[in-house]
Protein chains: 6
Amino acid sequence: MSGIVVRDFERTPLADIAALAEFGVATIHEAQDRKGLLAAHMRPIYAGAQAAGNAVTVSVPPGDNWMIHVAIEQCRDGDLLVVAPTSPCTDGYFGELLACSLKAHGVRGLVIEAGCRDVNALREMRFPVWSCAISAQGTVKESLGDVNVPLVCGGQIVNPGDVVVADDDGIVIVKRDDIRAVTASSREREDKEAAMRARLVKGELTVDILEMRARLTAKGLRLQPGADD
Amino acid sequence: MSGIVVRDFERTPLADIAALAEFGVATIHEAQDRKGLLAAHMRPIYAGAQAAGNAVTVSVPPGDNWMIHVAIEQCRDGDLLVVAPTSPCTDGYFGELLACSLKAHGVRGLVIEAGCRDVNALREMRFPVWSCAISAQGTVKESLGDVNVPLVCGGQIVNPGDVVVADDDGIVIVKRDDIRAVTASSREREDKEAAMRARLVKGELTVDILEMRARLTAKGLRLQPGADD
Amino acid sequence: MSGIVVRDFERTPLADIAALAEFGVATIHEAQDRKGLLAAHMRPIYAGAQAAGNAVTVSVPPGDNWMIHVAIEQCRDGDLLVVAPTSPCTDGYFGELLACSLKAHGVRGLVIEAGCRDVNALREMRFPVWSCAISAQGTVKESLGDVNVPLVCGGQIVNPGDVVVADDDGIVIVKRDDIRAVTASSREREDKEAAMRARLVKGELTVDILEMRARLTAKGLRLQPGADD
Amino acid sequence: MSGIVVRDFERTPLADIAALAEFGVATIHEAQDRKGLLAAHMRPIYAGAQAAGNAVTVSVPPGDNWMIHVAIEQCRDGDLLVVAPTSPCTDGYFGELLACSLKAHGVRGLVIEAGCRDVNALREMRFPVWSCAISAQGTVKESLGDVNVPLVCGGQIVNPGDVVVADDDGIVIVKRDDIRAVTASSREREDKEAAMRARLVKGELTVDILEMRARLTAKGLRLQPGADD
Amino acid sequence: MSGIVVRDFERTPLADIAALAEFGVATIHEAQDRKGLLAAHMRPIYAGAQAAGNAVTVSVPPGDNWMIHVAIEQCRDGDLLVVAPTSPCTDGYFGELLACSLKAHGVRGLVIEAGCRDVNALREMRFPVWSCAISAQGTVKESLGDVNVPLVCGGQIVNPGDVVVADDDGIVIVKRDDIRAVTASSREREDKEAAMRARLVKGELTVDILEMRARLTAKGLRLQPGADD
Amino acid sequence: MSGIVVRDFERTPLADIAALAEFGVATIHEAQDRKGLLAAHMRPIYAGAQAAGNAVTVSVPPGDNWMIHVAIEQCRDGDLLVVAPTSPCTDGYFGELLACSLKAHGVRGLVIEAGCRDVNALREMRFPVWSCAISAQGTVKESLGDVNVPLVCGGQIVNPGDVVVADDDGIVIVKRDDIRAVTASSREREDKEAAMRARLVKGELTVDILEMRARLTAKGLRLQPGADD
């Protein structure tokens with residue numbers, strides 16, 4: 001039965017999250033073997049949105065945002081709210097007032113597989129939200145859900161205390177235990193990419209830099225003669 | 001049979017519309033008991049679009065924008081065009097030239113459950129459009145439709161003379177007879193929200209301000225012991 | 001069997017493309033009898049994106065961007081990459097590094113019926129991309145596809161060397177042999193539109209300018225009496 | 001505010017409905033000038049489903065089927081329930097038990113722009129349902145809606161007492177006042193089609209029977225020379 | 001990194017699964033508090049499909065079914081394969097030959113959030129499949145995935161050894177530890193429903209049987225006077 | 001400009017088509033290197049539909065079926081109509097009468113990326129149709145399109161005279177010049193599959209029959225120890 005509020009779960013130190021959040025979602029996602037990315041229908045409500053934090057999860061009934069109100073009390077500085085309805089819903093669960101409240105408790109942003117509203121106000125106050133819809137359609141406060149239970153959002157499992165990083169490319173979930181390894185691997189990856197970028201802008205080709213030619217030929221690549229042959 | 005142009009219908013005084021349009025779509029929608037909101041796939045073509053006016057309705061065949069041309073003659077200062085195809089269509093029914101014409105007749109904007117084009121030009125001239133698609137695909141002028149008949153746009157009934165308010169959150173329809181009550185109720189709502197916002201930014205919780213705790217417990221909310229218990 | 005790289009195909013002179021690209025996609029599409037427009041789900045990753053070039057086509061397997069790497073070598077100044085997967089896929093095939101490489105070879109932009117990532121970086125470097133998704137989900141380099149074979153992208157046939165013009169309204173394909181005729185016809189159309197715009201802003205109606213009234217009546221249009229009759 | 005149950009509205013005599021229901025939805029829709037058809041995403045839960053009746057309308061909150069229970073009491077022999085949620089929802093609002101109850105009160109079927117469940121049992125008891133989803137996801141009984149108010153279902157306005165006809169091709173709404181005219185016109189249409197069918201099976205062409213050739217040529221049809229010229 | 005095959009996990013005794021599978025998905029889903037239902041876009045490939053078994057999970061790359069081949073070796077009598085791609089894909093991962101192989105190892109069916117093919121042959125051999133697409137589009141065998149790791153399919157977390165029950169209404173996941181309680185609760189529910197069905201077919205109303213009238217009035221239900229008042 | 005009817009194009013001998021059509025769409029698609037398959041949203045209107053023929057192509061405006069009437073005259077025994085709208089449309093372009101006419105001219109079926117109606121009658125007369133929608137929404141006869149020009153249907157290029165094979169799995173296009181090679185390759189494939197099926201039903205594994213183990217290990221597959229180790 002719904003109605004559970006888990007109050008105690010382990011969070012990741014904010015310094016660790018800050019170190020990870022220097023990297024973009026695409027880099028982090030690659031750095032952890034292409035795992036943990038939320039589905040592409042989850043989009044930021046404004047260009048340039050960026051956030052990272054400890055997941056506080058909220059499972060909500062369709063068209064009912066009561067549990068978001070309940071969840072705020074469980075939030076601390078550096079948290080990031082992750083909300084998913086128990087059946088698909090595009091209603092506007094979240095708006096400016098809830099954003100004011102979350103901000104007052106140090107929450108970094110919201111990821112919601114449902115609708116969001118007051119997007120103009122949210123953009124102005126720079127409270128970042130990733131949602132699957134924008135809708136002024138309000139919700140009721142009649143039925144319970146759960147706070148800080150494992151849930152599925154955007155096709156990914158999210159546990160309370162998982163690290164969430166989000167930007168214009170999407171949202172990625174990093175497990176608490178993996179964060180330092182993923183941060184290190186992201187850094188390595190970015191260093192390598194910087195080196196490659198320097199060569200690419202000079203006109204070198206990835207097929208040469210990454211030495212792909214032999215493998216391509218082995219797979220059967222056939223270049224037809226060109227005008228310059 | 002199609003081909004009817006209703007020329008006579010009652011409009012709402014523009015002063016009343018201006019008073020209502022001080023409020024956002026989300027506020028107005030709540031203020032009239034969550035009614036009249038168009039579906040979430042209707043989106044503005046640029047961020048920050050805003051408009052309000054008396055609905056002039058146009059029912060159009062798929063891929064045919066002839067009736068929009070016919071409808072302009074029926075438009076007056078303060079009107080807002082609401083267009084819906086008789087079967088789903090994403091073609092670009094509307095572009096810069098029609099916008100110039102509508103603007104010359106005082107029309108405030110366009111809501112269309114189909115496609116729109118010339119969006120760059122429309123953004124520059126600040127002619128707001130809410131549509132379900134952006135498409136350069138042109139239309140023909142071969143078949144009739146109807147002007148100023150009741151129609152369904154974005155899942156809502158729109159009658160000619162209904163008041164339409166639209167912003168970044170979506171589009172809401174207010175019945176002519178309700179406008180003063182809804183304006184008053186929106187103002188009340190916004191005053192209440194201002195008061196609540198002041199308390200929320202200080203860190204107070206909605207569960208306390210709105211006195212939800214008893215009702216939550218009655219419904220069966222179970223808080224698990226936290227680390228600080 | 002996949003794995004073909006066609007190296008030799010005819011391109012359109014860049015001066016001709018530049019002349020055509022003075023016009024918007026909507027104008028060009030009308031000027032060539034409403035043909036060649038890609039489907040409306042193909043959208044630019046930032047507002048104001050604009051590009052035109054000779055198509056280099058790339059057919060890719062789902063979730064595998066290897067052939068984009070292969071294709072770069074075939075690109076010249078003024079080309080524009082057109083990529084389509086052999087089955088529907090929203091993965092992020094393309095990001096900042098590939099954009100750096102394309103830019104270094106003079107490529108003007110990318111049209112891809114799949115996902116794109118690093119959109120923030122692409123926006124900053126003004127490398128225009130039209131895609132059907134934004135996704136950080138990476139791809140592998142395991143299977144071959146084809147370069148410079150005819151393919152279908154956004155519901156349109158694209159041949160290597162076709163001219164691609166893209167802006168906020170979408171993407172249109174112009175056949176090499178048609179480019180001068182379409183450019184001339186676009187110019188004519190724009191001149192006519194400028195003349196009409198001048199009349200519309202003064203309040204004239206298209207039903208008068210385009211002399212539609214007789215044809216409307218013949219089709220059965222019935223104007224109901226208005227308040228001013 | 002929601003919570004209204006309208007008990008009194010005019011119904012169409014069942015004999016009139018029976019006469020209309022001899023014709024298919026496609027025929028009726030044409031016979032009333034292509035109006036009143038619900039959107040194509042509304043599909044029967046089994047092939048061969050057929051029903052016609054007086055509309056009893058139910059507006060329901062997302063994920064809450066309480067008002068369907070309330071509505072049954074307002075149903076009489078020959079009614080057909082039309083249900084639409086106030087925001088999009090695919091939950092299974094309806095199953096075998098409610099069907100037993102509706103059947104006991106003479107209700108002919110259900111049209112619901114949401115989900116349905118127990119489809120195996122419904123197929124066996126031949127209780128026809130048209131829905132936009134099949135889902136075992138249950139609903140709650142917490143919030144009110146309205147019974148017998150005008151609503152929008154599948155993009156069409158449905159009033160209580162409107163006549164609903166549904167089959168494998170979809171669902172069409174006929175206004176009470178139009179039913180005899182539409183029935184007559186459907187009969188005429190079907191007679192004409194029977195005559196045409198007899199000619200078509202012999203190999204005659206519609207372009208000849210309907211005398212389209214002159215109009216096609218006038219529009220600019222160009223037949224290229226064939227092998228047999 | 002992908003490529004893990006977990007060989008050891010706990011299964012539920014088949015007798016327990018058989019006892020549970022006497023009930024339909026809708027009943028089981030209600031009996032466990034409306035949890036564990038896969039999304040409504042997952043549909044059986046033929047009407048009347050039914051299956052229940054222990055989940056063997058397979059995470060596959062887009063367009064690559066290699067891991068399904070790998071997974072078969074891990075299957076035992078009474079298992080049911082659950083497959084999800086790491087990014088959305090409608091390719092036909094599965095057909096008649098794989099079904100023959102699965103059947104030979106006692107596998108009861110397949111749930112796949114991707115495409116299926118040879119549906120005619122599968123229908124004839126009565127091998128039940130629930131998928132989100134039917135597509136003849138083949139797949140490659142180039143990249144690894146994982147077998148028997150927790151994954152998300154149709155929006156639900158599925159662990160190896162979870163019990164899967166599927167029928168025409170959809171697919172529900174029951175945790176191994178809950179199966180006896182859910183079976184008991186399903187039986188109770190079905191007994192209650194049988195009793196209620198008997199009353200409903202006689203014309204009694206759920207608002208009376210479930211004693212809803214007082215609560216409806218308290219919520220604000222307003223019955224308008226009827227013709228018979 | 002639209003309005004072209006190409007009357008002369010080469011067809012494939014019907015005996016060759018009959019030989020190819022002994023194989024299913026999935027087999028043929030594999031046999032020609034996974035090319036030519038239409039998108040998965042194209043579905044048969046009844047289970048067990050099957051057809052093969054020479055493509056007669058028809059490009060139609062949205063909501064206008066006039067050109068289908070025009071095309072019939074160009075059809076011969078063994079043809080199969082392929083219809084695509086110039087912009088997306090789900091209207092019911094095709095019903096029983098047109099099917100009678102096509103049948104009288106020996107046409108084997110219809111593939112249409114739009115809507116179809118009278119599906120009950122079509123099922124009874126066994127006229128197979130593959131469409132992307134079922135809709136009673138009628139069309140007009142006002143604008144021209146083209147007959148027997150190359151077009152894109154379901155994401156594939158279809159030329160007049162291409163061979164179309166369709167069944168429950170979808171629709172595949174085979175080029176006239178390839179038909180004998182593809183038929184031979186399909187036969188080979190089916191023979192190989194028959195041999196493999198015989199081994200699979202006995203419980204052998206594809207990883208053994210296809211000797212995949214070494215390649216799996218090389219790619220990094222890691223089997224965790226099982227209970228029986």
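## Ground rules

Residues are numbered from 1 along each chain as its sequence is written, and chains are lettered from A in the order in which they are written. In this predicted model local features need pLDDT of at least 70 and side-chain atom pairs count only at pLDDT 80 or more, while totals for chains, interfaces and linings use all residues; side-chain values use heavy atoms, with hydrogens and water left out.

## Strand 3 of chain D

Let's start with a strand (a DSSP run of E, at least two residues, numbered from the N terminus, as are helices, runs of H or I with at least four residues). In strand 3 of chain D, 10 of the 10 residues are buried, so the strand is largely enclosed by the rest of the structure. Buried here means under 20% relative accessible area, with a 1.4 Å probe and protein chains only.

Strand 3 has pairing partners in chain D, where pairing requires at least two DSSP bridges between two strands. With strand 4 (residues 79–85) of chain D, strand 3 runs parallel over 7 bridges, and S59(D) sits opposite A84(D). With strand 11 (residues 163–167) of chain D, the direction is antiparallel over 4 bridges; there A52(D) has V165(D) as its bridge partner.

## The loop residue N65(D)

Between strand 3 (51–60) and helix 3 (66–72) of chain D comes a loop that holds N65(D). Because its relative accessibility is 5%, N65(D) counts as buried. Its contacts (heavy atoms within 4.5 Å), leaving aside neighbours within four places in sequence, are Y93(D), L98(D), T139(D), V140(D) and K141(D). The N65(D) side chain also reaches the backbone oxygen of Y93(D) at 2.9 Å.

The size of an interface is often given as the accessible area lost when the parts come together. For chains D and E the buried area (1.4 Å probe, summed over both parts) is about 3300 Å², with 56% from carbon and sulfur atoms. On the chain D side, R7(D), W66(D) and L97(D) lose the most area to chain E, together 19% of what that side buries. In contact are 37 residues of chain D and 37 residues of chain E.

There are 5 salt bridges between the two chains, each a side-chain nitrogen of Lys or Arg within 4 Å of a carboxyl oxygen of Asp or Glu. One of them joins R123(D) to D168(E), with the closest N and O atoms 3.1 Å apart. Strands take part too: strand 1 of chain D pairs in the parallel sense with strand 13 (residues 222–223) of chain E over 2 bridges, and V5(D) stands opposite L223(E).

Technical notes. Buried means under 20% relative accessible area, exposed over 50%, partly exposed in between (1.4 Å probe, protein chains only). A polar contact is a pair of N or O atoms within 3.5 Å; within protein, one must be able to donate a hydrogen and the other to accept it, and residues adjacent in sequence count only if both atoms are side-chain atoms. Buried area is the accessible area (1.4 Å probe) that two parts lose on being put together, summed over both.
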